[in-house]
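Here is a short briefing on a protein model. It is grouped by topic.

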Amino acid sequence: MPNVREAGRPARRCATLVAALLLALVPFGAGAPGTAAARAAPAADAAWTASAVPAPTGALPVGVRTAHLRDTSRRDPWNPDRYRELALSLWYPALPSRAPRASYVTARESALILRFHRVEGVPADLLARFRVHARTAPPPLPAPARGLPLVLLSPGFALPRSSLTGLAEELASRGYAVAAVDHAYEAPAISHPDGRVTGCLACRRHPEGARVAATRAADLRFVRERLLRSPGAVGLPRLDPSRVAVVGHSMGGAAAFEALRTDAGFAAAANLDGTVHTAGRSPVDRPFLLLGAGEHGRPGADPTWQRAWRDLSGPRRWLSVRGAGHLSFTDYARLLERTGTAGEEVTLGAADAGRVTRELVVAFLDERLRRYGPRLDTAARQDPEVVTHGG
């Protein structure tokens, strides 16, 4: 299993929790594939969909498409025989549509994710049976003349981009274009247009966190440039190049910090419970949000956050959420809660953790990209679970 350290804990701990939550997806009473209980699973799966990924609360319908980009200027650090390739999920405000709701992942991806986390005795296509709320590839809602703000999402190490679906749909329902990035060879299953489905080569190489963060920051820069150059080519509406942000969970949060530190093309960034592997190198003069689990309220719990805080010379916020755990900021929190395997330190209900995450991230982006006023501090004060640090 990967040993990149994220948010002060080994990624192995994260993988163990993921394995538990995947088992939680099996409907109660379901047995091994081929049993009567397993054959009855689809009806139970349908009932589970809404609780696994909460419905977005914004006023706009949401569409989703996939895209694949190839950066021929870089060889992949984990597979030097190939150029760097990136798989994207693109969420956007859409025209009303009766197109089918999208699948959480593909059947092949489901099988490989289950195998990676050593989950046995369940249907291989289990995760593919779930539907999200976004419709598959409807026409985008026409954008205003200025274009939509764009948010890039980067998931945790060894986690798929689908783990941030709830946040992506929420943002799109509120008028943002969103691109979630699967960084090549850093997730258990990434599908490519030529039929390949690649696995997590980086997990076997045990890379240094700073190297992964820097690689991902280059990925995010490339994605931003390609999407801004020709959004229509991938089915997105007009985008505003002056309003692009990065939000990342765990290793994705480290990448968000590195992207903001090294690239003036990003207007703001947020780190959801991720160790900052490149803190202490140079100041960051644009808005940055540190949003962490409850342990980030304890002095010295993660020294990298203290170093990052000193690096932030622009607008900055450091918030922790009482009772939240490392996966509380992802879709997986609700699934862990069902099994009771979220950990003793996790006392905040998954529904509340998801709500707080979405409210704070939306408030931060509304404040910094849309100039709606001091939304983040107001949202933080309204949630008793949220604690402000750093002065």
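Is C203 buried or exposed? C203 counts as buried, at 6% relative accessibility (buried is under 20% relative accessible area, exposed over 50%, partly exposed in between, with a 1.4 Å probe and protein chains only). This is a predicted model: local features need pLDDT of at least 70, side-chain atom pairs count only at pLDDT 80 or more, and totals for chains, interfaces and linings use all residues. Residues are numbered from 1 along each chain as its sequence is written, and side-chain values use heavy atoms, leaving out hydrogens and water.

**Disulfide**
- The structure holds one disulfide (a pair of cysteine sulfur atoms within 2.5 Å).
- C200 and C203 form it, with their sulfur atoms 1.9 Å apart.
- The link of C200 and C203 is right-handed, with 75 degrees about the S-S bond.
- C200 is buried too, with a relative accessible area of 6%.

**Nonpolar cores**
- The largest nonpolar core has 54 residues (a core is a set of buried Ala, Val, Leu, Ile, Met, Phe, Trp, Tyr and Cys residues joined through side-chain atoms within 4.5 Å).
- Helix 11 (residues 350-369) gives the most to this core, with nine residues (helices are DSSP runs of H or I, at least four residues, numbered from the N terminus).
- A second, separate core of 41 residues includes L90, A94, L152 and V234.

**Helix packing**
- Helix 11 and helix 12 (residues 375-382) pack at about 160 degrees, their axes 7 Å apart (axes are lines fitted to C-alpha atoms over the stretch in contact; angles run from 0 to 180 degrees between N-to-C directions).
- That makes helix 11 roughly antiparallel to helix 12 (angles over 145 degrees).

Notes. Helices (H or I, at least four residues) and strands (E, at least two) are DSSP runs, numbered from the N terminus. Angles under 35 degrees count as roughly parallel, over 145 as roughly antiparallel, 65 to 115 as roughly perpendicular and the rest as oblique.
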